[in-house]
Amino acid sequence: MGDQAVLPDADELPETLLDLAVPHEDINELIALRRTLAADPGALRLLEECVGELVADMGEVGGRPQLAERLAEVPPALAAHFAVYVLVAALPHTRAHHRARGVPDDVSRHTLADLGRQMTVHRRRHGSGGLSALYWLMLHFRGELYQLGRLQFQRTVLDERMARAVKDAGRAAAPGDPCLGLHIPDHLGPLTPSACARSLRLARPFFARHFPGERYEAAKCHSWLLDPQLRRHLAPESNIVRFQELFVVLGVDTEPSDKGPVGYVFGDPDLPAAELPRTTSMERAVGDHLRSGGHWYLGHGWFPLEGS
């Protein structure tokens, strides 16, 4: 295996996987398949090439490679887990980049542990081990996204619509200016106002310290959680309504995005509306709206970052 791809040996691999929060039920399978990978020169070469593409231009915003076609070349025996090996083999490059930027070890660990969470999601949805979220996790492993408390923050840029909205609010802004994209992971506890406030308190000094050449005037979010229809189903003091109050919501898409809320709230985006539970207020809001013939839509919003 070349210098670009460094895959831990069978004795070291379990500790690496544990550091990445990989579920225990997946570890034995990944260790066993490592032998299959090591015995296949073609698969090793493909791993090397994928890792090389992944870590090229490490830290550059918007530079995620297109690996879908390369993953289609993976031997069937390795197909479900090959993306995991790509990320694990890229890990030394990611950690080196974090160290060079002075990113604290706990932030690095919490950020990269999203690999294990995504593997848990895969098993819950498909009933088997694997990973379907390589494109998303490239953000983490290329140094573009960081977990800071309850929220994740992506180094990104303003598009034309967002830039115009920020400028209309009296702040200097142009398309392509640095912006923090805000993401809301599931299964990390309630999205309380205090948890969001803490994340923002962590984010402002974090990016100023570790990315001093990038001035962030605004944060943006593209999520079904910004669909204004939620206000009709949830109490004004609910966490989601309070979350929406952070943003200037610019509007919603015209095409429905029902799979997003179903997957987030119930764990499986393909569950039929008629079978969705009604245990919590959020479950009732999402499910009852769909059962009444309604749809959910992706909302788009932004807010200024204090102290910018």
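D114 and R117 both sit in helix α7, residues 114-126. They are 3 residues apart, about one turn of the helix. This is a predicted model, so please keep that in mind throughout.

What do D114 and R117 form? They form a salt bridge, with the closest N and O atoms 2.7 Å apart. Are these two residues buried or exposed? Both D114 and R117 are buried.

A word of background. Side chains of opposite charge can pair when their charged atoms come close. How many salt bridges does a search of the whole structure find? The search finds 14.

Next, please look at D288. This residue lies in helix α13, residues 281-291. D288 forms a salt bridge with R278. The closest N and O atoms of that pair are 2.7 Å apart. Where is R278? R278 is in the loop between α12, residues 259-266, and α13. D288 and R278 are 10 residues apart, and the pair links distant parts of the chain.

D288 also forms a salt bridge with R291. Here, too, the closest N and O atoms are 2.7 Å apart. D288 and R291 are 3 residues apart in helix α13, so about one helical turn separates them.

D288 has a relative accessible area of 28%, so D288 is partly exposed. R291 is partly exposed as well, at 33%. R278 has 44% relative accessibility, and therefore counts as partly exposed. The cut-offs behind that: under 20% is buried, over 50% is exposed, and partly exposed lies in between.

One more charged group. Salt bridges that share partners join E49, E53, R70 and E73 into one network.

Let's move on to helix packing. Two packed helices are described by the angle between their axes and the distance between the axes. Our pair is helix α3, residues 41-55, and helix α5, residues 82-101. They pack at an angle of about 55°, with their axes 9 Å apart. That angle makes α3 oblique to α5. The crossing of α3 past α5 is right-handed.

Which residues meet? From α3 come A43, L46, L47, C50, V51, L54 and V55. From α5 come F82, Y85, V86, L87, A89, A90 and H93. By class, this contact of α3 with α5 has 13 nonpolar residues, 1 polar residue and no charged ones.

To recap. D114 and R117 are a buried pair. D288 bridges to R278 and to R291. And α3 packs against α5 at about 55°. Thank you.

Notes: Residues numbered from 1 in each chain as written. Predicted model: local features only at pLDDT ≥ 70, side-chain atom pairs only at ≥ 80, totals over all residues. Heavy atoms only, no water. Axes fitted to C-alpha atoms, helices over the stretch in contact; angles between N-to-C directions. Helix = DSSP H or I, 4+ residues; strand = E, 2+ residues; numbered from the N terminus. Parallel < 35°, antiparallel > 145°, perpendicular 65-115°, else oblique. Left-handed = near helix turned anticlockwise from the far one by under 90°. Contact = heavy atoms within 4.5 Å. Nonpolar A, V, L, I, M, F, W, Y, C, P; charged D, E, K, R; others polar. Salt bridge = Lys/Arg side-chain N within 4 Å of Asp/Glu carboxyl O. Buried < 20%, exposed > 50% of the residue type's maximum accessible area, 1.4 Å probe, protein only.
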